[in-house]
Amino acid sequence: ASDADYREQLLAHNRYNRRIYDLVHQDALKGQGVVISMTDGYRQTDYGEPIAALKSYIMSPFTEEKYVDAVLESIWKARRQIAAEKE
């Protein structure tokens, strides 16, 4: 997070994470997925760019593995959709 030569690559990753979040959020609003969060301030590079990150909070100690799998599947679904958009 210190080499400014990677700035454009970082910005592309931030846009990608934002797009994943948007797709997962759209499904969640339709009752077809999970709710996750996104932050544009996970970290900041040494050259001042924010690093975006997706966030998922498991609040219950009784959460079953299938619910964690549901979060991952929602993200994988969004990734597949983004990949299909690029074709």
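**Entry 1**

I looked up glutamate 85 and found it partly exposed, at 44% relative accessibility. The scale I use calls a residue buried under 20% relative accessible area, exposed over 50%, and partly exposed in between, with a 1.4 Å probe and protein chains only. This is a predicted model, in which local features need pLDDT of at least 70 and side-chain atom pairs count only at pLDDT 80 or more, while totals for chains, interfaces and linings use all residues. I also note that residues are numbered from 1 along each chain as its sequence is written, and that side-chain values use heavy atoms, with hydrogens and water left out.

Which residue does glutamate 85 form a salt bridge with? I found arginine 19, with the closest N and O atoms 2.6 Å apart. The term salt bridge means a side-chain nitrogen of Lys or Arg within 4 Å of a carboxyl oxygen of Asp or Glu. This pair links distant parts of the chain, since glutamate 85 is in helix H2 (residues 65–86) and arginine 19 is in helix H1, 66 residues apart. Helices (H or I, at least four residues) and strands (E, at least two) are DSSP runs, numbered from the N terminus. Arginine 19 is partly exposed too, with 29% relative accessibility.

**Entry 2: the other salt bridges**

How many salt bridges does the structure hold? I have seven in my notes.

Next I checked arginine 7, whose side chain meets that of glutamate 49 in a salt bridge (2.8 Å, N to O). These two also link distant parts of the chain: arginine 7 is in helix H1 (residues 7–29), and glutamate 49 sits in the loop between strand E1 (37–44) and strand E2 (50–55), 42 residues apart. Are the two partners buried or exposed? Arginine 7 is partly exposed, at 33% relative accessible area, whereas glutamate 49 is buried, at 15%. I also wrote down a network of salt bridges that links Arg7, Glu8 and Glu49.

Glutamate 73 and arginine 80 form another salt bridge, with 2.7 Å between the closest N and O atoms. Glutamate 73 is partly exposed, with a relative accessible area of 37%, and arginine 80 is partly exposed at 48%.

**Entry 3: the chain as a whole**

I stepped back and read the pattern α-β-β-α along the sequence, with two helices and two strands in the chain. The C-alpha atoms fill a box of roughly 40 × 35 × 20 Å, taken along the principal axes. Of the 87 residues, 28% count as buried. Among contacts (heavy atoms within 4.5 Å) with a separation of 6 or more, 53% come from residues 24 or more positions apart.

**Entry 4: buried residues I looked up**

Asparagine 17 is in helix H1 and is buried, with a relative accessible area of 19%. What is asparagine 17 in contact with, leaving aside its neighbours within four places in sequence? My list has Met38, Ala52, Ala53 and Leu54.

Serine 74 is in helix H2 and counts as buried at 15% relative accessibility. Not counting residues up to four places away in sequence, serine 74 touches Val24, Gly33 and Val34.

That took me to valine 34, in the loop between H1 and E1, which is buried at 16% relative accessible area. Under the same rule of leaving out residues up to four places away, valine 34 touches Val24, Ala28, Ala70, Val71 and Ser74. I also checked valine 34 against tryptophan 76: they are 42 residues apart in sequence and 12 Å apart in space, C-alpha to C-alpha.

**Entry 5: a nonpolar patch**

Which residues make the nonpolar surface patch of about 340 Å²? I noted Ile58, Val68, Leu72 and Trp76. Patches are made of residues with over 30% relative accessible area and no salt bridge, joining like charges within 9 Å and nonpolar side chains (Val, Leu, Ile, Met, Phe, Trp, Tyr) within 5 Å. Leucine 72 lies in helix H2 and is partly exposed, at 35% relative accessible area.

Note on methods: Accessible areas come from the Shrake-Rupley method with a 1.4 Å probe; for residues, only the protein chains shown count as cover.
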